Amino acid sequence: MLRLLLANIALRPARTALTALAVIASSCIVVWVVSGYDALIARSIDEEAAEALGRFDLVVSADGGGPGGGRRPGGPAAVGLPPDLVAALKEDDRVAEANLTTRSRVSVGRAAPGPDAGAGPMARLFRDDRPPVHGMPPLDPPLIGTDAAEPPYEMVAGRWIDPAAGGRAEGVLSADFAEGLGVGAGDEVSVVSEVGEWTVTLVGVVEQPRSGGAGPGGGADAQSGLFVPLAMAEEIDGHPAKITRINLALEGGIDPASYGEALSGRLSGLGVPAAVADLGAIRGRMAAGLSRSGSRALAYSATGIALMAALFIIFTTLSMGVSERGRELAVLRAVGMTRGQVAGMVVLEGLALAVLGWAGGLAAGRGLLAVVSRATPGLFPDGAALGPWCVGLTAAAAVGGALAAAVLPAWRAARVMPLDAMTPPRAVPPSRWGVPAGLAGLALLAINPVLTHVLPMGDSARAWAYALVGYPGMVLGFVLLAPAAIVLVEGAAGPAVARLLGLPPRLLASILSANLWRTLGTTVALTVGLGLYVATQTWGYSMLVPYTPGDWVPELLVGFEPSGLPDEQVGRVGQADGVTPGRCLPMAVEQPGLVDRVEGPGNSILAQDNVVLIGLDPALAFGGDDPMIAAEFTDGDRASALTKLEAGGACLVPDHFLDSTGMAPGDTLELVPPGGPPGAVVGYEIVGAVSLPGWHWMTKMTGLRRRSTRTAALVFAPIADVRRDFRVDRVNFFWLEADGSASPEQVEAEMQRIAEQHGETTFHVAGVGEVTSRRPYARLTAAGAVRAGISDRADDMIWGMSQLPLVTLLITSLAVVNTIVSSVRARRWELGVLRATGTTRGGLIRLILAESILIGLVVGALGLAFGVMAGWCGTGMAPSIHRFGGMSTPLVLPWARIALGLATTLGLCLLAAAWPAIAAGRSEPLALLKAGRGAA
């Protein structure tokens with residue numbers, strides 16, 4: 001068997017080389033993705049956990065006091081550690097040092113911008129001289145107040161701050177933030193909080209740890225930002241310090257793990273809301289974070305795609321070999337080989353191709369990693385290596401794909417009879433088994449849409465059913481439909497392609513179906529890449545629709561921070577230049593909690609325990625022929641809803657909120673006022689539901705979301721009720737329509753002048769008391785700018801997700817070369833006859849190119865159908881697996897992007913067929929006839 005295998009490889013070296021090259025490229029995908037994951041794991045787990053702790057052994061942090069924490073005007077202060085705990089840790093003999101820190105959100109910029117200001121790679125992350133929007137992620141350096149006499153990490157430049165600096169405003173900035181701002185030791189930075197603006201002199205730059213690759217700000221366990229003395233932090237924040245973290249350095253001989261375990265038990269027993277983390281706990285959190293980030297899922301996805309590519313490429317090669325060697329296999333059976341030996345020979349050939357591709361892939365991948373690591377050392381800071389997980393997954397992709405691919409060709413080889421050496425068996429017409437296979441495929445295709453869009457079931461059950469039944473059934477269904485698709489496209493498109501290339505249509509009548517096995521493997525192999533590309537595009541742009549602010553959003557939104565406008569100045573906003581008269585909607589905004597998380601059939605949305613509540617004038621917002629908020633009512637009647645809203649004690653909710661909770665108009669929505677007395681509940685009757693696509697990002701990117709947490713719904717109620725029930729003493733937001741006489745920047749400047757006219761503002765913070773803001777400001781957001789920002793970000797993300805399927809498409813195009821070469825070999829007698837009867841060299845080349853065009857059209861039809869169905873079913877799964885959940889998602893087909901994939905497929909098919917076509921066209925008629933007779 002081994003000698004026969006080697007002889008077969010020697011007889012067809014080009015086919016073996018092309019197949020091995022395709023498997024090598026598939027293995028390279030896995031090597032690249034998995035090695036990157038291994039490098040991320042090695043750095044994150046082995047080094048970054050230690051970096052996060054710095055020179056300390058343990059961290060004690062308040063629940064809710066992590067990154068992004070802080071307070072909001074009118075709301076509770078950041079959760080702090082109890083003073084008794086702070087004092088006890090300070091006095092513990094086993095503790096060598098207890099370093100107290102606070103954390104708050106500010107905006108930081110250069111106090112005196114120079115020519116190099118903002119030149120760093122993070123320059124675009126830093127905003128202007130206004131405090132950050134509450135709902136936005138903390139892109140600026142956080143303000144960290146500390147009493148540490150020594151730096152937590154190594155100093156890069158300058159010195160550490162003096163905790164007893166007195167009136168000196170000095171600070172130390174983390175390295176990446178300093179680079180982004182273009183500042184260093186000795187420079188001054190402007191720090192803006194909700195209560196004023198300060199100038200801080202940088203006396204040093206400290207190393208910036210990265211906890212779990214969480215970005216420039218570090219993760220939940222690392223500390224990075226602008227370090228200042230505690231007294232300075234209190235002044236900038238405008239209230240006494242709330243200690244949110246204690247860094248502990250233990251005395252020699254004290255085991256951090258044991259001490260931390262004992263401390264955790266003590267805190268739990270006392271009911272103290274705090275968490276203790278040592279090196280092991282931080283490693284565990286970081287590993288879990290990497291798993292949630294999808295890094296491991298990406299590695300498995302790359303392996304799965306590579307396995308499918310290798311499977312169908314090897315399947316194509318083995319199928320062609322069995323078809324071409326039918327008489328040879330029959331002779332082997334006649335001289336004594338058993339069915340098992342013949343089948344084993346085919347399996348052995350598949351394994352040989354897999355091992356060759358696997359070894360070559362590892363070698364090529366290692367070389368690629370070496371080149372990239374030298375060119376960009378930061379990508380693999382610890383060097384690139386092929387870890388055991390990488391080797392194992394590449395072996396699974398190559399060898400697993402080969403074994404699966406060899407099953408059907410081996411079965412076909414085992415069915416060859418000795419008498420077939422005399423008279424080869426007649427080929428079974430495709431319709432004989434293509435029709436039953438197609439019907440079975442259609443039945444399987446019906447399963448996934450029913451699971452994702454029809455059957456009512458819980459989120460977890462739907463996710464498991466989709467992963468174990470729906471998606472695999474859909475893949476198998478399209479594989480079974482492929483033969484029928486080949487025959488249909490050949491019959492429908494063959495005459496048109498023949499006319500386009502100037503060929504007799506009868507020459508293309510059975511050019512694909514004459515050897516269906518050969519064509520089947522190639523088309524399915526290419527469909528893997530194209531189908532995944534179309535699915536990614538369809539799913540991505542469909543999912544974008546419910547999170548892009550729709551036409552219901554008024555044109556401009558202005559927020560007055562930190563505490564809003566007094567009632568006597570509310571009217572001035574609508575009279576400002578650039579604002580359409582009568583088109584100014586004042587709003588009182590709060591973010592109360594939900595009393596209950598009602599479990600409905602799609603309950604992911606209720607993982608959030610709060611809503612954004614907007615108090616407004618119902619008649620101006622929803623009434624008349626041209627309402628300010630042009631939202632479509634999906635439950636309830638607009639007229640009756642407005643009547644109840646104007647009477648008070650009523651609210652409107654998004655339509656998806658009713659679907660997620662099982663509530664209906666007439667039910668009462670119970671809300672918990674932030675900072676209110678224990679047990680306080682406010683109830684509003686739900687009088688209708690409206691469609692509000694894009695409200696998630698609209699509230700997040702504009703500050704309507706008053707806390708840096710996800711929220712379950714955007715709720716509208718009468719402004720008088722909201723101000724009374726939630727003690728909102730000032731109007732803090734306005735929706736406006738522009739009259740076109742001024743730019744958004746000019747309108748914002750006018751709003752800033754209004755904000756500054758009432759000077760200092762005092763507002764109440766629960767748990768702190770009265771806080772005075774010396775710098776009120778206005779921030780204007782255009783709905784168009786939000787849409788553009790979301791669209792640009794989505795384009796980048798979807799394109800990044802589409803690159804792997806396109807690479808797979810490129811790799812599997814090598815199967816087209818194999819198919820066309822095999823087709824030319826099998827039809828040499830026919831091609832010789834055509835040349836002898838007057839067909840020109842160009843005609844022969846066009847005939848072979850026509851076959852590749854038909855293959856491309858079959859792949860386009862299958863890939864488009866698979867991608868659209870997969871994307872549509874993916875949108876149906878979104879409410880069950882996405883944290884936002886709830887939103888209904890329409891099917892969007894981005895035809896320009898899809899056309900790019902289809903054109904790429906057709907171009908690759910033509911490119912792959914070019915060499916075999918030219919080689920056949922250059923052959924003399926006699927040479928083709930001799931070769932064809934010799935193979936007969």
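Tutor: Let us begin with a cut-off: a residue is buried when its relative accessible area is under 20%, and exposed when it is over 50%. Keep in mind that this is a predicted model.

Student: Thanks! Why is T101 called buried?

Tutor: T101 has 2% relative accessibility, and buried means under 20%, so T101 counts as buried. T101 sits in strand 2, residues 95-104. Beyond its neighbours within four places in sequence, T101 is in contact with several residues, including I144, T146, Q223, K242, I243 and N247.

Student: What makes R727 exposed?

Tutor: The relative accessible area of R727 is 59%; exposed means over 50%, so R727 is exposed. R727 belongs to the loop between helix 21 (719-725) and strand 21 (733-738).

Student: What is the phi of R727 near?

Tutor: Phi of R727 is near 50 degrees, a positive value in a residue that is not glycine. For background, most residues other than glycine have a negative phi.

Student: How do you know that N448 is buried?

Tutor: The relative accessible area of N448 is 0%, and the cut-off is under 20%, so N448 is buried. Its place is in helix 13, residues 447-454. Not counting residues up to four places away in sequence, N448 touches Y466, G470, Y471, M474 and C873.

Student: And why does C873 count as buried?

Tutor: C873 has 0% relative accessibility, so it counts as buried. C584 is buried too, because its relative accessible area is 14% and the cut-off is under 20%.

Student: How many disulfides does the structure hold?

Tutor: The structure holds zero disulfides. By the criterion, a pair of cysteine sulfur atoms would have to lie within 2.5 Å.

Student: Let us turn to helix 14. What tells you about its span?

Tutor: Helix 14 covers residues 459-501, and a straight helix of 43 residues would span 63 Å at 1.5 Å a residue. Between its end C-alpha atoms, helix 14 spans only 53 Å. Helix 14 also has a kink of about 50 degrees, centred on Y466. After helix 14 comes G502, whose phi is positive, near 70 degrees.

Student: What makes a set of residues a nonpolar core?

Tutor: The residues must be buried, come from Ala, Val, Leu, Ile, Met, Phe, Trp, Tyr and Cys, and be joined through side-chain atoms within 4.5 Å. The largest core here has 86 residues, and I314, L329 and L508 have the most contacts inside it. Helix 26 (residues 841-881) gives the most to this core, with 16 residues. Apart from it lies another core of 37 residues, among them V589, I614, A621 and A650.

Student: Which residues does L508 touch, not counting those up to four places away in sequence?

Tutor: L508 touches E490, G494, V497, A498, L847, A850 and L854.

Student: Why is T812 called buried?

Tutor: T812 has a relative accessible area of 0%, and buried means under 20%, so T812 is buried. T812 lies in helix 23, residues 783-812. The C-alpha atoms of T812 and C909 are separated by 10.0 Å, although these residues are 97 apart along the chain.

Student: And for the chain, what percentage of the residues is buried?

Tutor: Buried residues make up 52% of the 936 residues. The secondary structure comes to 28 helices and 24 strands. Of the contacts between residues at least 6 apart in sequence, 82% join residues at least 24 apart.

Technical notes
Residues are numbered from 1 along each chain as its sequence is written. This is a predicted model: local features need pLDDT of at least 70, side-chain atom pairs count only at pLDDT 80 or more; totals for chains, interfaces and linings use all residues. Side-chain values use heavy atoms; hydrogens and water are left out. Buried means under 20% relative accessible area, exposed over 50%, partly exposed in between (1.4 Å probe, protein chains only). Helices (H or I, at least four residues) and strands (E, at least two) are DSSP runs, numbered from the N terminus. Contact means heavy atoms within 4.5 Å. The expected span of a helix is 1.5 Å times one less than its number of residues. The bend at a residue is the angle between axes fitted to the seven residues ending there and the seven starting there.
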